[in-house]
Amino acid sequence: MHNAGHLYIGYVEAFTDDDVGHLLDVNPVGAHRVNRAALPHMRSRRSGTLLYVGSTIQVTTPPFLGPYVASKAAFDALAVVTSYEVSQFGIETSIVMPGAITQGTNHFPGAGHAGDRQVAAQYAELDPLVERTHDAHEQLFAPGTTADPQSVADEIERVLALPVGGKPFRSVVDAAQAGVDHVMAFSDLTREAFVRRLGFAETLELKS
């Protein structure tokens, strides 16, 4: 199960190459490292599940979170392409996509910031907007609704308990109700149709 992730908040231009490289190293490359360690064992057994905790943010793409959005999009794309190959060894893939989680984690308070302060200073007139980032996400939820990370844990437990071949490829858990589930359903149908047109339909099916 891939659940590592780090958040950056700030202006895209002000993040250095090293800043962006570090975030990519933590998010998509970190998951890839774990896969490379685990997959030899799974392939030898011809069974297993790769469960990724992704994000709805690759669809919603809010401002001031640029490198994080890019890293989560890369994370998802790597998971999808890996799924084609590992499916032929009996290995399932499920991507659980949480929406904004503003409570119960250190996600926003512990976020990283852009390393190029000189460039960041040139965006100072936008600072009041950036400072509202956490509160803006809090306002997404209907009164009385909270984005509790327990809901994500519950969905992971549900997915993993499903029988072999019965796990969903994607599951969206989004208290903000941003409509990402509809977008991803259409996106995945389009992707699967394209893979079939290429003549690689078997990679979409779990081989026993």
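Before I start, one definition: a residue counts as buried under 20% relative accessible area, as exposed over 50%, and as partly exposed in between. What I am showing is a predicted model.

I begin with Phe 194, which sits in helix H9, residues 180-198. Its relative accessible area is 47%, so Phe 194 is partly exposed. Phe 194 also belongs to a nonpolar surface patch, together with Leu 198 and Phe 200. That patch covers about 320 Å².

Where are they? Phe 64 lies in the loop between helix H3, residues 57-60, and H4. Gln 177 lies in the loop between strand S5, residues 170-173, and H9. Are they buried or exposed? Phe 64 has a relative accessible area of 18%, so it is buried. Gln 177 is at 72%, so it counts as exposed.

Last, a pair of helices. Two packed helices are described by the angle between their axes and the distance between the axes. Here the pair is H2, residues 28-45, and H4, residues 66-86. The angle is about 25°, and the axes are 8 Å apart. Angles under 35 degrees count as roughly parallel, and H2 and H4 are therefore roughly parallel to each other. On the H2 side, the contact is made by Pro 28, Ala 31, His 32, Asn 35 and Leu 39. On the H4 side, the contact residues are Ser 71, Ala 74, Phe 75, Leu 78, Thr 82 and Val 86.

That is the end of my part.

Terms used
Residues numbered from 1 in each chain as written. Predicted model: local features only at pLDDT ≥ 70, side-chain atom pairs only at ≥ 80, totals over all residues. Heavy atoms only, no water. Patch = residues over 30% accessible without salt bridge, like charges linked within 9 Å, V, L, I, M, F, W, Y side chains within 5 Å. Areas by Shrake-Rupley, 256 points an atom, 1.4 Å probe, with all protein chains shown as cover. Salt bridge = Lys/Arg side-chain N within 4 Å of Asp/Glu carboxyl O. Helix = DSSP H or I, 4+ residues; strand = E, 2+ residues; numbered from the N terminus. Buried < 20%, exposed > 50% of the residue type's maximum accessible area, 1.4 Å probe, protein only. Axes fitted to C-alpha atoms, helices over the stretch in contact; angles between N-to-C directions. Parallel < 35°, antiparallel > 145°, perpendicular 65-115°, else oblique. Contact = heavy atoms within 4.5 Å.
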